[in-house]
Amino acid sequence: MATRVINISNRLPVTVGEKITKSSGGLVAALEGLSADEYELTWIGWPGAAIEDPARQQEVECVLSEEHGCLPVFLSEEEVAGHYEGFSNSSVWPLLHYMPNFMRYDPAWWDHYHTANQRFADKVLEMAQPGDLVWVHDYQLMLMPQMLHERMPELKIGFFLHTPFPSFETFRCHPKRRELVTGLLGANLIGFHTFGYMRHFRSTVLRLLGLESEITRIRSDDGHVSAMGVFPIGINSRKFDETLDTPEFAQRRDEFVQANAGKRVVLSVERMDYTKGILHRLDAIEQFLAPLTPDERDAIKFIFVSVPSREEVEEYKDLREETESRIGRINGTYATLNSSPIRFIHGSVEFTDLCALYATADVGMVTPLIDGMNLVAKEYIACQREHDGVLILSEFAGAAEELANATLVNPYDARAVAETLREALAMPAEERRACNEPMRERVLKFDAQHWARTFIQQLATAESPLATVAEDINIAAGQLRQALEIGAPIALFLDYDGTLREIEREPRAAAPTPEIRELLEQLRVCENVEPFIVSGRSHQDLELFFPEPLIACVSEHGAAIRRHGERDWEQWDRDISYAWKDEIRELLRVYEQATPGSFVEEKRTSLVWHHRKTDPEFGTWKAHQLAHELGTMLANEPVKIRQGRKIVEVVSSEISKAIAIRRLLHERDYAAVLCAGDDQTDESMFEIDVPNFISIKIGPEPSRARFRLRDPAAFRKFLRGTVATQREPVTASTA
Ligand code: GDG
């Protein structure tokens, strides 16, 4: 059966006017590359016009869904102004492109952005079924992944960002930075054009939300995993290649060649957007023209195709005016009696004409100040079948990573760009061919269809939220009940922080709540149940929380025990030497001084360097460095070095929770043994090998435990529902 793919972009690939016409952007072509046998596609988006009459909405919806496989999301004019022109294009777009000077912000826009994202998500949820692949596109819909994930966690949600993702220093300027990043983390797969954008995203997630990540995956606090990947988008190669074979193309190409006879043509094609570097390019062109003689100027022609874009937004209007006035000035200054240097088309050209322009231009001049990918650069290369023009490409376009043989420039350096243009026009044919051939091969092969297929395939195999769920916890409950029913003793080894009790920022604040005290009391009075608190805390700390010896406590991972009903602690580490501490203490102090915010904690059995309050990247780097240094220093000592949650710990290897528990298990036989814990130090407990052993991991991280519960509250509920219900002595006859 075909897998259902729900594709969501801000704009549907149709234009709704008197009639409905299908448009043919790159995304349409990409998705057409998904085989219909394998995937059943539905497209959700805004139809491009504010349709407010309910009868007309119904009519449009009917035609779109039946004839075009599209479901429209209707937005009022006001919503479009707030969501699209305001929030998306006037605040997020400039920041994603490193241009905070163009950012404007109005809190009312946020409401529209949120509402629009919600409206899109609702539309998806009207039709979505578990197992569907949902693919959300671009910066207008950054909240959607989280909205969808919350309502339907069984969906596989992909998000692709078509723009760059900037460094944290830029992204942090956005008033809704946290909400935007959290919105994206609802996705199971987040795609970027380049590794650099992905790197900035990870660093932003770390700095904004404190979430550490691996190179290609981020785990949120609730255990949800977002994979990340680099998927450089390609062009609709087949369409270009086929068009180049048509007689219409040949005719237009010949007409252009004739019209420009005796001239070298330099072509630029773009949406009229300040990211595309139009004004900077004009500076370079001016520098190029200045030293030329009138005859030389007659022999060059610049063609600008600038497609009108976002004209409702102030900055775009200004750009258009500025561009027109600059071009007017340049043409006025450098025109001869025969020609003027720049032909400016503020509009779009037919596809065949575009191909003919690409195919005949001596130079393709693509110099954005920054660009997620830039398809024009790839399209220009795809059309160099015979002519072999030179691609001058900004090193700040994502495409520059793949088109390494292009002539790369820094668009801010007008003089260098002018010089590069001079050189490009003089480049010998063999050199041009040698540059273009490998690029053309690559562009044709890794096309838009390839891009969509690889993204969808990776989304389909993205980690399912269910993969981290261990065996059914009811099996554990059954095991415990069975032991209790026959009146056999059971032991409960319970970690405290993060297992019985929610973690607090300040460790001292994590005293047992009345609910926890009551639960422990219930456990204590259960016949045949022997509970132990097995903690990493010092015995002084444990005494503060549990002054009465009502419950047995094991401190510092097994260094000492205070047994049930006894006031004194039995020291279990008398024969262990801690001589290694002196040298290590000194080293940790050096790290403490060199890393602002970090501090050293000394426990009886260990020394700990904490970096929770440091700059997250600097702290992690120093932690790696410290762990490495310790490894060399302590190679022959009986210690373990642990890099845990924002800590580096050196601890005696003769002490562990597992060693302590084994010792207790030698003292008495139990019919069932339960160990529960939430962090790495608890993993040693889960390796214990005795009959009827129940290991429970609290929390989402990977673990060796057989069972898993979400958080301390769920664990307490589990204890109440299984063990603590058995208040009365239970015998075989009453069971
Ligand atoms: C965003 C990102 C990323 C242009 N003029 C005409 C025309 N075009 C077509 C081109 C090309 C497309 O428009 C422009 O795509 P770009 O990639 O260059 O730029 P954006 O519109 O800013 O796109 C960008 C892209 O998303 C995809 O992820 O690469 O970085 O900003 O396909 O051919 N087409 C026709 N006539 C024109 O006059 N027919």
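Predicted model: local features only at pLDDT ≥ 70, side-chain atom pairs only at ≥ 80, totals over all residues.
Next, the shell itself. I noted 21 residues around the ligand, with H162, V349, D371, L375 and E379 coming nearest. Sorted by class, the shell has 12 nonpolar, 5 polar and 4 charged residues. I also checked the domains: domain 1 (3-230) and domain 2 (237-445) each give at least three residues to the shell.

R271 puts a polar side-chain atom 2.9 Å from a ligand oxygen. With G372 the atom is a backbone N or O, 3.0 Å from an oxygen of the ligand. For N374 I again wrote down a backbone N or O atom, 2.9 Å from a ligand oxygen. As for cover, the ligand on its own has 730 Å² of accessible area, and the protein covers 79% of that.

Last entry: I233. I located I233 in the loop between strand 11 (225-230) and helix 9 (237-243). Buried or exposed? I233 has a relative accessible area of 8%, so I put it down as buried, the cut-off being under 20%. Leaving aside neighbours within four places in sequence, I listed its contacts as H162, H193, M373, L375, K378 and W451. H162 sits 71 residues away from I233 along the chain, yet their C-alpha atoms are separated by 8.4 Å.

Key. Residues numbered from 1 in each chain as written. Heavy atoms only, no water. Near = heavy atom within 4 Å. Polar contact = N/O pair within 3.5 Å; in protein donor to acceptor, adjacent residues only side chain to side chain. Areas by Shrake-Rupley, 256 points an atom, 1.4 Å probe, with all protein chains shown as cover. Nonpolar A, V, L, I, M, F, W, Y, C, P; charged D, E, K, R; others polar. Domains from an automatic or database assignment. Helix = DSSP H or I, 4+ residues; strand = E, 2+ residues; numbered from the N terminus. Buried < 20%, exposed > 50% of the residue type's maximum accessible area, 1.4 Å probe, protein only. Contact = heavy atoms within 4.5 Å.
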